[in-house]
Amino acid sequence: MHNKRSPPNNGKRKREANTIPPDKRRKTSSSDLVAYYTSQVRHWEQKVATYEEKLQFAKDEIIKAARLLADACSNSNTLVDEPPFYQDEVYRSNEITPTPYENKYSPPVKRRLGIKEAIKKPPPMDRKIIVESMQIPEIRRKRKHDSHPSIEDDDNPIRTKDDYRCINDLSSAYSEGIHDRKPRGLDFNPSQPETLVTSGLGGTVSFWNYDYAENRLSAVGSLDKHSLQTSGYVEDICWSKHNRIALLFSVGKDKQANENDPQLCVINTHNFPSAPVKFCSSRPHSKAPKCVTWVDDNNLVTAGSDRSIYLWTMDYNNHSDHHSMIHELHTSSVSCMSFNNTYLLTGGMDKKFISWDIENESLNYKLKLTQKISALRVNPDYPNLILVAHPTRSNQITILDDRFHQPALTLTWEPKIKGAMTSYIKPSWSQDGFMICSGGLSSIINLWDIRYKSAKGPSQTYKLDGHKLRILRAEFHPFYSKTLLTLSSDRVLGTHTYSVNKNKH
């Protein structure tokens, strides 16, 4: 039963009002409308006048406060501790009669005098005198450490241009069947730029001579697994500036080190192929070694699956070697190394990037990335930029800024990638440090110009018809400009020359 005071409406009254005929509705005269809008205009005019008075009062108070501040600065050359209107003569400490909302237990309330009584108008001063009298401390702007450092920095060319470098007229030559099994390593001779070396899973190491004028490779010689006294294969190769090459051996199929197989050997290639091979007697790694790099002519560093990093010292006169552990900061296999001045850079499957000071034997810094690390390359012209490769399906390349200790740029291959990933795909820098080249899971090479402001995906991609399977290594030649070498899983080694356009939008 409904309440008599509030009978149910259900929209009935509204419907009834809408059904009233127009001739019976109440009509509003024009005089009523004029009166209504006139009152509204007067109301808002009064409000505007009130706000204008308040605004003018605020402007006057600001001017008076500024003059007072200028007077204080000119007299004492510093800011006063308390402005005059906060001093005792400005305030009376007498208690105000309590309001209905206050009682005798309320704290005493100070009443402030009018601003005209508190502030005496000082004599006008010249603005130049005010500025010269104030001692403004020098403000040093803090450098912003974000994921993309300032492009105005001379040591950082990342994303500084609206266009990118374009390579054209690619001329290719291929050498097939360079190894009996899949290739593994590739390196150049720093002292003889026309010489390079490759290794394969069959245990052989092949030396090649590159003719730049004819863009052609010719075999110089090779070493098989019997001459290298190993049952496994060469996992990594590193050539020193003093014409010595270090070969790091992997373990057999059982993934355990063989007691009779060496882990490291050094070859003096001055008189190759009759160069003597020095096998190191030490076997410090408990699991398979993964990477090797030279410190100088007598010292080199190795790392492996046992998470350990060792420093080797060679005594060529006495045909002996010594080793000592550098650190064990990685929690998984160490897959790559590189040197940047006196710092040893290492990366591993634990996603850790570690910079170690070799001279002081101390940690420089370490960084935990979001993906596993498979390769490290230091920029040849901008050593603060470090290329980090990841065996993932997206964001395969990260550029680290060694000054900021954090990523500066992320690059990725073509969007759609099919097939199993591998940690043996290793990108490279160009001679000037502006371009990056990388293979992939197909016969396509990916090229980036890091100066391009929209750098993310590859600036260019080239399909190489001479390769049928994935390209593991795509290397800019470190000495011959406009030359590129590729090594694929189908045991094909390709050499490519090209021309460069200044820029392409």
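This tour visits salt bridges in a predicted model. Local features in this predicted model need pLDDT of at least 70, side-chain atom pairs count only at pLDDT 80 or more, and totals for chains, interfaces and linings use all residues. Residues are numbered from 1 along each chain as its sequence is written, and side-chain values use heavy atoms, with hydrogens and water left out.

The structure holds nine salt bridges, each defined as a side-chain nitrogen of Lys or Arg within 4 Å of a carboxyl oxygen of Asp or Glu.

Select Asp-432 and Arg-165 to begin. Their closest N and O atoms are 2.8 Å apart, forming a salt bridge. This pair links distant parts of the chain, 267 residues apart: Asp-432 is in the loop between β24 (428-429) and β25 (435-438), and Arg-165 is in strand β3 (residues 164-176). Strands (E, at least two residues) are DSSP runs, numbered from the N terminus. Asp-432 is partly exposed at 24% relative accessibility, whereas Arg-165 is buried at 16%. Buried means under 20% relative accessible area, exposed over 50%, and partly exposed in between (1.4 Å probe, protein chains only).

Next, select Asp-321 and Lys-278, whose side chains meet in a salt bridge (3.5 Å, N to O). Asp-321 belongs to strand β15 (residues 320-327) and Lys-278 to strand β11 (residues 277-279), so the pair ties together parts 43 residues apart in sequence. Asp-321 is buried at 7% relative accessibility, and Lys-278 is buried at 12%.

Then move to Arg-451 and Asp-449, a salt bridge with its closest N and O atoms 3.1 Å apart. Both residues are buried.

Finally, select Arg-377, Arg-473 and Glu-475, which are linked in a network of salt bridges.

Notes: Helices (H or I, at least four residues) and strands (E, at least two) are DSSP runs, numbered from the N terminus.
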